[in-house]
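User: Hi! Could you walk me through this one? I'd like to start with the overall picture and then look at some details.

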Amino acid sequence: MESEGNETLHPSCSASEPPYSEELLRSLDLPGRFLFAILTLMTLIANVVFIEEALYIYRKTPSSKRSIIIWVNAAAPVIATTSCIGMWIPRSTMFTDFTAAVFFAIVIHKFLLMMIKECGGQKLLLRRFENDRFKISTGPCCCCCLCLPRVRITRQTLFWLKLGTFQFAFLRPVLMFLSIVLWTNGIYSPYDLSLKGAAIWISCFIGVITIIALWPVGIMFQQVRTLLICKKIIPKFALYQFILILNHLQAAIINILAMQEVIPCTPPLSSSARGAYTTQQLLIMEMFLITLISRVVYRRRCDDLEPPERTAEEAGDNKQTPKIIVNGAISEHGLPRV
């Protein structure tokens with residue numbers, strides 16, 4: 001029985017590489033071609049919406065925050081574009097996934113800088129919270145460690161928070177470059193998770209630096225979410241979290257199921273290739289919706305926050321001195337005007 005099963009197994013099911021794009025397109029039926037066209041159209045619309053939103057941000061946003069907000073907005077359309085390319089050209093999946101991962105690593109750092117900029121910059125943030133402390137018992141590192149002490153908000157603590165996200169934006173491209181170099185030599189394979197393979201060790205290291213990078217963003221969000229509620233920081237943070245979960249956790253779960261052959265082989269796609277193919281199609285639809293929602297959230301204009309001392313100064317200015325009319329002239333403090 002086993003020999004008969006092995007004989008009927010399609011060669012593509014045991015192939016280590018995805019098929020070429022011509023072979024994949026020839027195997028598509030009419031519904032499959034219609035789905036390809038719809039997903040490609042979604043990607044084009046997402047890019048058009050992003051370009052229009054980028055032009056709006058460029059015209060209406062101060063130059064100090066302009067580039068950061070555009071970077072954060074670009075996460076969803078960039079992931080949709082790389083997924084669309086990987087869907088059309090299956091053998092480019094590793095490069096498109098690496099590109100999306102590197103770009104989102106930079107977006108994580110930019111999102112932290114955006115929260116600081118929305119508070120008026122580092123100097124104003126330090127003045128606003130000079131008597132407060134950071135709550136560091138937050139996710140994803142220390143959400144269960146409620147006994148951790150609060151840390152004073154100083155220039156040094158802000159530096160460490162920025163360094164926590166910057167190390168990810170720097171190390172992730174380096175590790176991706178190393179993976180591609182090892183892949184060209186046949187040492188690295190994203191589907192080989194054995195202890196002798198390089199993929200498992202690189203993936204574990206990437207997981208550690210990812211958690212370290214997400215921790216500062218969570219700490220800063222917990223501190224400024226009440227202050228920046230008029231800036232729609234809560235829906236912005238929710239969109240950022242959705243992109244993170246869908247691009248990393250969802251993709252990891254589908255890839256694990258594909259490697260365990262829970263997702264069956266459908267020629268010319270092997271189980272692993274079909275898992276990547278499914279992930280790309282889901283990401284295109286999800287990033288399309290996130291792009292449309294981001295346009296609504298980031299489009300709303302909001303005035304800059306008042307400086308910390310503004311309230312006290314206005315209170316002093318609004319205190320009117322008593323005025324007395326002397327011979328038709330107004331005098332202050334009871335003294336006649338000359």
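User: How much of the chain do buried residues make up?
Analyst: Buried residues account for 42% of the 338 residues in the chain. Keep in mind that this is a predicted model.

User: Which residues make the nonpolar surface patch?
Analyst: Phe159, Trp160, Leu163, Phe166, Phe170 and Val174 make it, and the patch covers about 620 Å².

User: Where is Val174 found, and how does it count for accessibility?
Analyst: Val174 sits in helix H8, which spans residues 155–184. Val174 counts as partly exposed because its relative accessibility is 42%.

User: What about Leu171?
Analyst: Leu171 is also in helix H8. With 25% relative accessibility, Leu171 is partly exposed too. Its C-alpha atom is 8.5 Å from that of Ile206, although 35 residues separate Leu171 and Ile206 along the chain.

User: Switching topic: how do the axes of H4 and H5 cross?
Analyst: The axes of helix H4 (residues 63–73) and helix H5 (residues 75–88) come within 4 Å and cross at roughly 40°. That angle is why H4 counts as oblique to H5.

User: Which residues meet there?
Analyst: On the H4 side they are Trp71, Val72 and Asn73, which meet Ala75, Ala76 and Pro77 in H5.

Technical notes:
Residues numbered from 1 in each chain as written. Predicted model: local features only at pLDDT ≥ 70, side-chain atom pairs only at ≥ 80, totals over all residues. Heavy atoms only, no water. Patch = residues over 30% accessible without salt bridge, like charges linked within 9 Å, V, L, I, M, F, W, Y side chains within 5 Å. Areas by Shrake-Rupley, 256 points an atom, 1.4 Å probe, with all protein chains shown as cover. Salt bridge = Lys/Arg side-chain N within 4 Å of Asp/Glu carboxyl O. Helix = DSSP H or I, 4+ residues; strand = E, 2+ residues; numbered from the N terminus. Buried < 20%, exposed > 50% of the residue type's maximum accessible area, 1.4 Å probe, protein only. Axes fitted to C-alpha atoms, helices over the stretch in contact; angles between N-to-C directions. Parallel < 35°, antiparallel > 145°, perpendicular 65-115°, else oblique. Contact = heavy atoms within 4.5 Å.
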